[in-house]
Amino acid sequence: MASSLASTLTPSRPSLTLDEVFIRKASPSRQARLRLTPLSKKACLINGIDPTVLQLRDFQSFIEPGLDPEIATMRFEVYSHTREKLMQLALEEHAKLQVKANATHDSISTCDSSTNFSKTSLHRTEEDRLERVAKRQEKELRRMLAFETKSQEIKKKAKLKAEEQKQIELQRKKEKRKRDLQAAEDARIRELRQKAKKEAEMDIQRLQMQEQFERERKIDKERQLAAKELKQRARMQEAQRAQKAEHHRLETKKIFEQQRREIEERMADREAKEREREDKLELKRLVEAQAAEAKRKESAGRIENNLKAARAKEEEKRTKMLEKQAKHDELMQQIYSEKHAELIHQQQRSEAMERKRKHLLKQCRDKEESIKLTAQTKIEQEEARLAEAAKEVVKEKMLRKAEKDVLSQMKKDNLARIKRKQEYKMKETLRKVDQNDKRSLELKKRKEKLLKLRRKNA
């Protein structure tokens, strides 16, 4: 009693029309408690529509963690299109049911006005109606059988079409995979070619740099050999000059010694002659003492003058020789200074060329490093582009798979709706057949009762 009182006090939930369901926001907690008006419910049942599908779902309900926004957008668009299409079907069926209900109401009011007909005409009318019902049932059964046959054929065709579509999809996937593999292979070949071309260019540059380095090293070696040969030639010339100077000195000394010996020999000869003459004069001294003494003094003075003249001449020759030797030494020193300055200048030029070669080598190495860095950057950019392309391919595959899943789900939902529609039609047909059978039995009983009553009255 308490429960019945509670149910009486609790207000019942209002029934919803199709328009109210269409603008009603979907909620998981209220999906199983949706209540419709009779005509709305019947319109949904006739078309096999689940009323919860007609409810409004916002875009946020399709967003899932880790799901691509494009896939969520596609699902939302498919849901909106399907929802509008099912709503249109339900509204059309609702309009038909409304027209039919109005017509039934008019027929009922007409039947109420004709209740004064006789029982015989009612019986005849009832028999005609039973015949029409029987014919209608037979026609309905035939239509159901034809519909079942056609449904089977449609299912077979749909299955064959699905198989063909599956084969076409598999073929398309194989071709797409083949194209992707070919494109990847072509990209790999292009990358390998570009890499081989860059390596060949780098090898050519390396060979050119090596050849340039070899040429510079050969030039430096030749210059070093030339400088070494020049130094050796200068040392040889210096040695020859020293040897010549030594030879000249020895020759001069030899000449001096020879001249001195000659002078000493002449002087010795002179002294010997003088002694001989003195001996002769000594023999004649007695005769010519005074004259000999005078002549001796004169001869001694002349000899002394001759010795002085010879010594002066020797000293002059020696002075000239020393001056000549000094001039020669000064000239040799000047030549040596010039050669030394030339060697220093040559060494400075060699150092400058070496610095220039090192600078060029550093520039070449910097250029090579720059080329390597540029090539590495290009390779990284190409790898990033390939990774981005791979991501795009994966994303496209995901979108295609999601589209295929959505289409498959749409087909499943449509098949489930058609199945529910067929089940409802079957139930309605069986209900009508059962109702007609009950009515026929009731009419048959009333007819038998009427006949018994007539027989009894007769």
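Author: Let's start with a term: a salt bridge is a side-chain nitrogen of Lys or Arg within 4 Å of a carboxyl oxygen of Asp or Glu. Glu368 and Lys372 form one here, and their closest N and O atoms are 3.8 Å apart.

Reader: Before we go on, what kind of model is this?

Author: This is a predicted model, where local features need pLDDT of at least 70 and side-chain atom pairs count only at pLDDT 80 or more, while totals for chains, interfaces and linings use all residues. Residues are numbered from 1 along each chain as its sequence is written, and side-chain values use heavy atoms, with hydrogens and water left out.

Reader: Okay. How many salt bridges does the structure hold?

Author: It holds 15 salt bridges.

Reader: Back to your pair, then. Where do Glu368 and Lys372 sit in helix α5, and how many residues apart are they?

Author: The general idea goes like this: an α-helix has 3.6 residues a turn, so residues three or four places apart point the same way. In this case, Glu368 and Lys372 are four residues apart in helix α5, so about one helical turn separates them. By the way, helices (H or I, at least four residues) are DSSP runs, numbered from the N terminus.

Reader: Is Glu368 buried or exposed?

Author: Buried means under 20% relative accessible area, exposed means over 50%, and partly exposed lies in between (1.4 Å probe, protein chains only). Glu368 is buried at 16%, whereas Lys372 is partly exposed at 35%.

Reader: Which residue forms a salt bridge with Asp203?

Author: That's Arg206, with the closest N and O atoms 2.6 Å apart.

Reader: Now a helix with buried residues: which ones are buried in α3?

Author: In α3 (residues 38–47), they are Ser40, Ala43, Cys44, Ile46 and Asn47. They cover an arc of only 165° around the axis (taken from the directions from the helix axis to the C-beta atoms), which means they lie on the same side of α3.

Reader: What comes just after α3?

Author: Gly48, which takes a positive phi of about 70°.

Definitions and conventions: Helices (H or I, at least four residues) and strands (E, at least two) are DSSP runs, numbered from the N terminus.
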